[in-house]
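Please keep the sequence and the structure in view while reading.

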Amino acid sequence: MEALITVLPGDGIGPEVCSAGTEVLQAVATKYGHRFEYSEQLIGGAGIDAEMDPFPAATKSSCAESDAVLLGAVGGPKWSDPNATIRPEQGLLALRAAMGVFANIRPVKILDELAEASPIKRDRLNGVDIVVIRELTGGIYFGEKTRTKDSASDLCIYHRHEVERIVRVAANLARSRRGKLCSIDKANVLESSRFWRDVTVTTMEAEFADVELEHMLVDAAAMHLINRPADFDVMVTENMFGDILTDEASMLAGSMGMLPSASLGESKCGLYEPIHGSAPDIAGRGIANPCGMIASTALLLRHSLGLDDEAADVEAAIRHVISAGVRTADIAGPGDSPVTTTEMANAIIQQLR
Ligand code: NAD
């Protein structure tokens, strides 16, 4: 097949892991006889530096023409002045809004070999296989903001269709897995959460009576994610709660560097990125773990290009290389000699071939 993929390396370790991702996609293309074209564009701090714009017009139009978008990460100390009017994160929010990707999907599965890298006790990690689905284009991050000298506010608003469509994504996924959906809210305090809960119940009763639905308050969910993570199947939640819980869930896997994400909307063109940020503390040293990015390319192959076998092949190659003991510094144990970003990517490509 032929596909056009917009590649947005961004800032910090973004370019390092992005090039590992495109090399893996290229290895897949060669192995299976596909033709992938890449359009590399600016985003975040890189866009601000070059064009004073974290989401330049050329980036927007390239994404609109593409079959999928692969993103590294944005942000870093260089652009972190809280009083700045142009910030890298604006590029990310604008990108998500322009692509209409409202569902952020983050699988968290623990590879047995990496259980020791997790700060959580090994016995709690047995059987952990969670998918967290975060609403991405609504809620408090997008609501009206006000600021006076003595006060500030951020509006958290959800509309019925926004809740219904994310619940449908989550319930469909739960149906294809263990049939359990846990909806996270703060319905004891927030009106927007009570609304979220009501719409979830109505949608589930009407369309997904076969899927088991549980409601959980976000504070309890934060606790149970650590205490009994294996009990969760699919979790669905609003934007800010999801932002926080997905980072917490990622620690189950030991490193931010291991986990992928997909952001999907109504169209086939999804946005794929590792869950980590730009990691300025290790940027430019060639030691970032590319596995989260490479696993994101597997999600891209599966969800945007419909290439299920190729996606499974990439995921198997990552598992094989980890089983063989190849480790970047973030997941290395005391006796391991860590490999570089390129060495990890090459090991996975070698396995794919
Ligand atoms: P971070 O994810 O960048 O880093 C957290 C810690 O994890 C750091 O110690 C880092 O070295 C480590 N880490 C992250 N990815 C790694 C990898 N692939 N391999 C090895 N170690 C890895 O989070 P942060 O430090 O809170 O944020 C840094 C910058 O990234 C900030 O400017 C933040 O706004 C931005 N950020 C961007 C995104 C995004 O682009 N989607 C997401 C989160 C944070």
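The model is predicted, and the values given here are computed from it, with local features limited to residues whose pLDDT is at least 70.

**The ligand and its shell**

The shell around the ligand holds 20 residues, and those that come nearest are V74, G277, A279, D281 and N289. Divided by residue class, this shell has nine nonpolar, seven polar and four charged residues.

| Residue | Protein atom | Ligand atom | Distance |
|---|---|---|---|
| H276 | polar side-chain atom | nitrogen | 3.3 Å |
| S278 | backbone N or O atom | oxygen | 3.0 Å |

On its own the ligand has 800 Å² of accessible area, and the protein covers 68% of that area.

**The two domains**

The protein is divided into domain 1, which is made up of residues 1-105 and 258-353, and domain 2, which spans residues 119-253. Taken over C-alpha atoms, the centres of domain 1 and domain 2 are separated by 24 Å.

How many residues of each domain are in contact with the other? Domain 1 contributes eleven residues, which are in contact with 13 residues of domain 2. About 1200 Å² of area is buried between domain 1 and domain 2, and carbon and sulfur atoms give 72% of this area. On the side of domain 1, the residues F102, N104 and I105 supply 49% of the area that this domain buries against domain 2, which is more than any other three residues supply.

As for polar interactions across this interface, the rule finds two residue pairs in polar contact between domain 1 and domain 2, both at pLDDT 80 or more, whereas the count of salt bridges between domain 1 and domain 2 is zero.

Key. Residues numbered from 1 in each chain as written. Heavy atoms only, no water. Near = heavy atom within 4 Å. Polar contact = N/O pair within 3.5 Å; in protein donor to acceptor, adjacent residues only side chain to side chain. Areas by Shrake-Rupley, 256 points an atom, 1.4 Å probe, with all protein chains shown as cover. Nonpolar A, V, L, I, M, F, W, Y, C, P; charged D, E, K, R; others polar. Domains from an automatic or database assignment. Contact = heavy atoms within 4.5 Å. Buried area = accessible area lost by both parts, 1.4 Å probe. Salt bridge = Lys/Arg side-chain N within 4 Å of Asp/Glu carboxyl O.
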